[in-house]
Amino acid sequence: MAVQKRAWQRMLSGRRLDLLDPTPVDIEIDDIAHGLAFVARWNGQTIGDFAYSVAEHSLLVEELFVRLAPKVPVKWRLAALLHDAPEYVIGDMISPVKNSVGPGYGDLDTRLAAAIHIRFGLPATLPLTIKRQIKKADRISAWMEATQVAGFSETEANRFFGEPDRALIADLEIRLRPPVEVRRDFIERHNALLRQLG
């Protein structure tokens, strides 16, 4: 008799999330915020005493998304905040590694994202126009991170991420903070957006 491999992870909330077949009922915002606050962007290769977390990145992407599309409905702001939420269980891989791993990583990410979206009242699959707008905000965030905390020159960042509209980001600065602070702010932002959705 073959032993079935474990495909689930126990969360701090007590939920048991099946990574291969995730269901919305097993997803909690506290688990997402906690995981993302402790997952480092750039494989941890950033300056400072704290890693630049996926949770901090997600907060920045939501802010940039709103600046790019000020009249966007609140539900799409929530989608922007949650754009990397699957990484609370699968981690953050830099693009070269994702490309090497192949479609398996993308499939896992897609299934988790769908369950997360449904859990918080979003469509399983986002409209293409919204995905593109979030991706644009994501690339601007990557440029900011690259130049402010990951050691890239602006020329190098322009080559990889495209040069952003400087007016859009003039008053924004990357701050490296303790994970507990970022976790709290992520949960507060998520809850504020849910309240606006009514």
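Which helix holds both Lys 135 and Asp 138, and how many residues apart are they? Both lie in helix 7, three residues apart, or about one turn of the helix. The model is predicted.

## Salt bridges within helices

The side chains of Lys 135 and Asp 138 form a salt bridge, 3.5 Å from N to O. Lys 135 is partly exposed, at 47% relative accessible area. Asp 138 is buried, at 13%, because buried means under 20% relative accessible area.

Helix 2 holds another such pair, Arg 67 and Glu 63, four residues apart and separated by about one helical turn. Their salt bridge spans 2.6 Å, N to O. Arg 67 is partly exposed at 27% relative accessibility. Glu 63 is partly exposed too, at 32%.

## Links across the sequence

The whole structure contains 13 salt bridges. One of them joins Arg 189 to Glu 62, with the closest N and O atoms 3.0 Å apart. Arg 189 lies in helix 10 and Glu 62 in helix 2, so this pair ties together parts 127 residues apart in sequence. Glu 62 counts as buried, at 3% relative accessibility.

Glu 56, Arg 177, Arg 184 and Asp 185 are linked in a salt-bridge network.

## Second largest pocket

This pocket holds about 270 Å³ of space. Its lining has 13 residues; Glu 56, Leu 59, Leu 60, Glu 173 and Arg 175 lie nearest the centre. Helix 2 gives the most, five residues. Helix 10 supplies at least two.

## Nonpolar core

The largest nonpolar core has 60 residues, with Leu 82 and Phe 186 among those with the most contacts inside it. Helix 7 contributes its largest share, eight residues. Leu 82 touches Phe 186, and its other contacts include Ile 29, Ile 116 and Phe 120.

Methods
Residues are numbered from 1 along each chain as its sequence is written. This is a predicted model: local features need pLDDT of at least 70, side-chain atom pairs count only at pLDDT 80 or more; totals for chains, interfaces and linings use all residues. Side-chain values use heavy atoms; hydrogens and water are left out. A nonpolar core is a set of buried Ala, Val, Leu, Ile, Met, Phe, Trp, Tyr and Cys residues joined through side-chain atoms within 4.5 Å. Buried means under 20% relative accessible area, exposed over 50%, partly exposed in between (1.4 Å probe, protein chains only). Contact means heavy atoms within 4.5 Å. On a 1 Å grid over the protein atoms alone, a cavity is a set of points where a 1.4 Å probe fits but cannot get out, and a pocket is an open set with protein on both sides within 12 Å along at least five of seven lines; lining residues have an atom within 4 Å of a point. Grid points are joined across faces, edges and corners, and a volume is the space filled by probe spheres set on the points. A salt bridge is a side-chain nitrogen of Lys or Arg within 4 Å of a carboxyl oxygen of Asp or Glu. Lists of a residue's contacts leave out its neighbours within four places in sequence.
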